[in-house]
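I opened a new page for this chain and listed what to look up. The sequence and the model come before my entries.

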Amino acid sequence: GVNVHPHLSTVTYLTGCGAPTLVLDCRNSLRPAAVASARGPISSGWLSYPQVGKHIAFDGQLLHGTVPREHPAAAGERITFLVNVWFDHRPSGCRRLRQ
């Protein structure tokens, strides 16, 4: 098997609250058997804090997610719009929308 990643991942914040997005300078393995290669020291990463209308884009193969926070600034519901851009691949279960 092969792990297929989007060419580009994006996050657009629709609210200005909730947990930040963390993007690590660490690529996920293309082969499931080699997933251990994603472990170990990570040299850098980026935190993106929610702000209404803020848009970020990054290499879709980089490990990313949200960071749980127990800080007053994180109070409220985090709402985002996520878009992944794929070339020459369609994730399983995805179909075109009717016009």
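Which residue in β3 does Val23 stand opposite? I looked it up: Val23 faces Trp46. I note that the model is predicted, that local features need pLDDT of at least 70 and side-chain atom pairs pLDDT 80 or more, while totals for chains, interfaces and linings use all residues. Residues are numbered from 1 along each chain as its sequence is written, and side-chain values use heavy atoms, with hydrogens and water left out.

Entry on the sheet. I found β2 (residues 21-27) joined to β3 by four bridges, the two running antiparallel. Strands here are DSSP runs of E, at least two residues, numbered from the N terminus, and two of them pair if DSSP finds at least two bridges between them. The open sheet has three strands in the order β3-β2-β5, paired antiparallel. I marked β3 (45-48) and β5 (62-66) as edges: each has a single partner strand, so one side of each lacks a neighbour in the sheet.

Entry on the largest pocket. I read its space as about 160 Å³. A pocket is an open set of points on a 1 Å grid over the protein atoms alone, where a 1.4 Å probe fits, with protein on both sides within 12 Å along at least five of seven lines; lining residues have an atom within 4 Å of a point. The volume is the space filled by probe spheres set on the points, which are joined across faces, edges and corners. Among the lining residues I noted Ser9, His64, Arg78 and Asn84. β6 gives the largest share, four residues.
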